[in-house]
Amino acid sequence: MVVGVDFGTQSVRATILDADAGKLLSSAAQGYAVQRSADDPLLVTQSHYDQMTALQAAVSAALRASETPGDAVVGMACSATSSSVIVTDEHLQPITDYYLWCDHRAHKEAQEITQAAHARGFEGIQWCGGTYSHEWGFAKLLHFLRHNPDLRSSAALALENCDMITATLCGVSGPDDLVRSTCAMGHKWMWGTPWGGFPDDAFLGEVDPLLAEASQMLRGKVVPQGGVAGYLSDEWAQKLGLRAGISVGVGAIDAHWDAVGAGASRGDMVNIIGTSTCLIGVLPGQARAVRGVSGVVPGSVLPDGIGIEAGMSAVGDLFQSVARRNNSDLVAMTDSLNAEPRRITGLVRIPWDNGDRTILVDANLGGVLVGLDLEHTALDELQAAIEGTALQTRLILDHIGTQMVPFERIINGGGIPPKNPFLNQVYADILNRPVCVPKTPTTGIGAGIFAAVAAGLFPSVEDAQAAFCPEFDVIEPDPAFVARYDETYEVFHTLYHALGNREAGQQAEALKILRRQRVGQ
């Protein structure tokens with residue numbers, strides 16, 4: 001038996017897998033608080049201690065549900081949101097909460113890093129799409145250092161959420177034994193073997209002298225996923241009800257392992273649709289930098305493949321906000337969409353409510369809804385939001401496809417697709433391609449697969465996938481809607497670039513002015 005653990009934005013899920021039977025035995029989740037601020041809508045933080053407390057409850061519940069004795073578990077591995085960054089002292093004790101992935105305070109720092117990288121000709125900036133994001137590690141670290149002068153003297157290390165969790169479980173108390181994930185470092189911290197690892201301190205010091213010794217805060221060994229990060233400590237074995245000394249696999253970004261759990265192979269693009277959407281692909285050919293995406297990193301999805309990441313910063317959160325503004329329940333609204341005859345609303349929604357992650361990579365944009373009249377309903381607005389995320393998915397896929405070999409198969413993974421047939425049909429119609437949807441939920445399966453490989457139960461990730469990944473339902477495009485959505489896509493494409501492109505003129509500044517007013521800048 002192995003335990004796969006997935007730390008999401010609002011909860012952690014522990015999944016028990018039986019490697020001999022190739023079967024998911026049980027899964028249990030436990031929530032934790034997300035700290036936000038009415039005074040600063042860009043602030044989103046979370047406590048490491050809350051996460052670890054929730055982990056104990058989730059693992060205990062999963063063991064009980066499967067009637068699995070703790071000493072039968074031989075390995076575990078953990079994934080987490082990214083870039084969710086925590087700063088610790090020299091002994092890996094947190095001195096602050098996580099800057100969660102959706103904390104967007106560091107937009108100014110991201111712009112400065114991007115400008116400096118291009119001015120210096122740093123190769124790594126091209127491999128993360130040409131723009132360093134406000135959601136990523138160095139930007140958040142610099143924001144922390146600038147805004148917490150009283151904590152600088154005790155700030156010794158900066159860690160990704162998945163690496164901090166793994167280190168805690170293994171009882172790591174200093175940088176000498178610290179393991180960092182190639183997946184997270186490659187996509188969020190501009191780590192790459194062609195330029196010798198992380199950006200050098202001289203370059204980072206040009207951005208701000210506070211980063212002049214950033215390499216000291218990134219000490220540790222960067223290790224590919226599929227390997228062993230360490231072994232479960234006595235303390236955490238007792239807390240989790242497991243045996244001390246079992247293998248703990250190298251961690252990773254949650255969406256990347258969700259893609260693996262959904263059955264991703266070379267040539268596939270997986271839409272991990274949840275709070276946000278991550279488009280996770282495994283390139284069928286050679287690695288190539290792609291403008292506007294969140295990195296092209298060898299080994300970040302499958303250990304011997306080339307991983308690519310793109311996405312949208314607000315998807316499930318966007319749907320929830322539509323329901324909240326209309327004093328309605330999202331589940332009830334979604335049920336209504338699934339029950340009613342389909343139609344075209346005449347609305348176009350650009351899902352920039354949390355900025356644009358791909359292709360423009362701009363935190364200063366706000367959501368757009370075009371075409372409203374006096375008869376449109378809240379249900380129309382929700383439909384437009386779902387369509388908007390599908391339209392931007394098509395835009396991203398078209399953009400990537402012009403720069404490399406198009407992806408052969410589309411998979412809708414994550415938490416939302418199994419519960420929303422309407423969404424899956426809209427995606428198939430707008431993409432005009434079959435969409436594969438796993439027949440059973442896959443959250444936690446990816447982490448379990450890597451736990452099993454690290455424990456030596458399977459010779460490869462692909463072998464573990466063959467044992468654990470569910471079969472698909474295949475959603476075919478509806479010809480009655482494909483042509484109409486093609487027309488909608490042309491409108492979306494025009495508005496997306498007219499309102500969002502920095503070179504588009506004054507109309508591109510309108511949304512940024514409104515966003516600055518919203519956050520009081």
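Entry 1: I call a residue buried when its relative accessible area is under 20%. The model is a predicted one, and I kept that in mind throughout. With that cut-off I turned to strand S16, residues 277-283, and found it mostly covered, with seven of its seven residues buried.

I then asked myself which residues of S16 sit on one side and which on the other. Thr277, Leu279, Gly281 and Leu283 share one side, while Cys278, Ile280 and Val282 take the other, and all of them are buried. Side chains of a regular strand alternate between the two faces of the sheet. Both faces of S16 are therefore covered, since the residues on each side fall under 20% relative accessible area.

**Entry 2: the partners of S16.** Next I looked up what S16 pairs with. Strand S15, residues 268-273, pairs with S16 in the antiparallel sense, and I noted five bridges. Isoleucine 273 has threonine 277 of S16 standing opposite.

Strand S18, residues 306-312, also runs antiparallel to S16, and seven bridges join the two. For valine 282 I wrote down glycine 307 in S18 as the bridge partner.

Strand S22, residues 435-438, is antiparallel to S23 over four bridges. Valine 435 stands opposite isoleucine 475 of S23.

**Entry 3: the largest pocket.** I moved on to open space and got a volume of about 1200 Å³ for the largest pocket. Of its 44 lining residues, Ile273, Gly274, Thr275, Gly415 and Ile416 are the closest to the centre.

By class I have 16 nonpolar, 17 polar and eleven charged residues in the lining.

Entry 4: Rolling a probe the size of a water molecule over the atoms shows where empty space is left. I found one cavity of 30 Å³ or more, and the largest cavity has a volume of about 40 Å³. Its lining is made up of Asp163, Thr166, Ala167, Cys170, Val172, Asp177, Leu178, Val179 and Ala229. These residues divide into six nonpolar, one polar and two charged.

Helix H5, residues 161-169, gives the most to this lining, with three residues. I looked at H5 itself and found it mostly covered, nine of its nine residues being buried. The buried residues of H5 include Asn161, Asp163, Thr166 and Thr168. Following H5 comes glycine 171, and I noted its positive phi, near 70 degrees.

**Entry 5: two loop residues.** Is arginine 288 buried or partly exposed? Arginine 288 is in the loop between S16 and S17, and I count it as partly exposed at 45% relative accessibility. Its C-alpha atom is 9.5 Å from that of glutamine 126, although the two are 162 residues apart along the chain.

Aspartate 353 is in the loop between strand S19 (348-350) and strand S20 (368-370). With a relative accessible area of 27%, aspartate 353 is partly exposed too. I got 6.3 Å between the C-alpha atoms of aspartate 353 and alanine 314, which are 39 residues apart along the chain.

**Entry 6: the record.** Last, I checked UniProt, where an unreviewed entry lists residues 1-261 as "domain: Carbohydrate kinase FGGY N-terminal". In the model this span is 34% helix and 23% strand, and its end C-alpha atoms lie 17 Å apart.

Technical notes
Residues are numbered from 1 along each chain as its sequence is written. This is a predicted model: local features need pLDDT of at least 70, side-chain atom pairs count only at pLDDT 80 or more; totals for chains, interfaces and linings use all residues. Side-chain values use heavy atoms; hydrogens and water are left out. On a 1 Å grid over the protein atoms alone, a cavity is a set of points where a 1.4 Å probe fits but cannot get out, and a pocket is an open set with protein on both sides within 12 Å along at least five of seven lines; lining residues have an atom within 4 Å of a point. Grid points are joined across faces, edges and corners, and a volume is the space filled by probe spheres set on the points. Ala, Val, Leu, Ile, Met, Phe, Trp, Tyr, Cys and Pro count as nonpolar, Asp, Glu, Lys and Arg as charged, and the others, Gly among them, as polar. Buried means under 20% relative accessible area, exposed over 50%, partly exposed in between (1.4 Å probe, protein chains only). Two strands pair if DSSP finds at least two bridges between them. UniProt positions are given in the numbering used here, feature names are shortened, and annotations may be inferred rather than shown by experiment.
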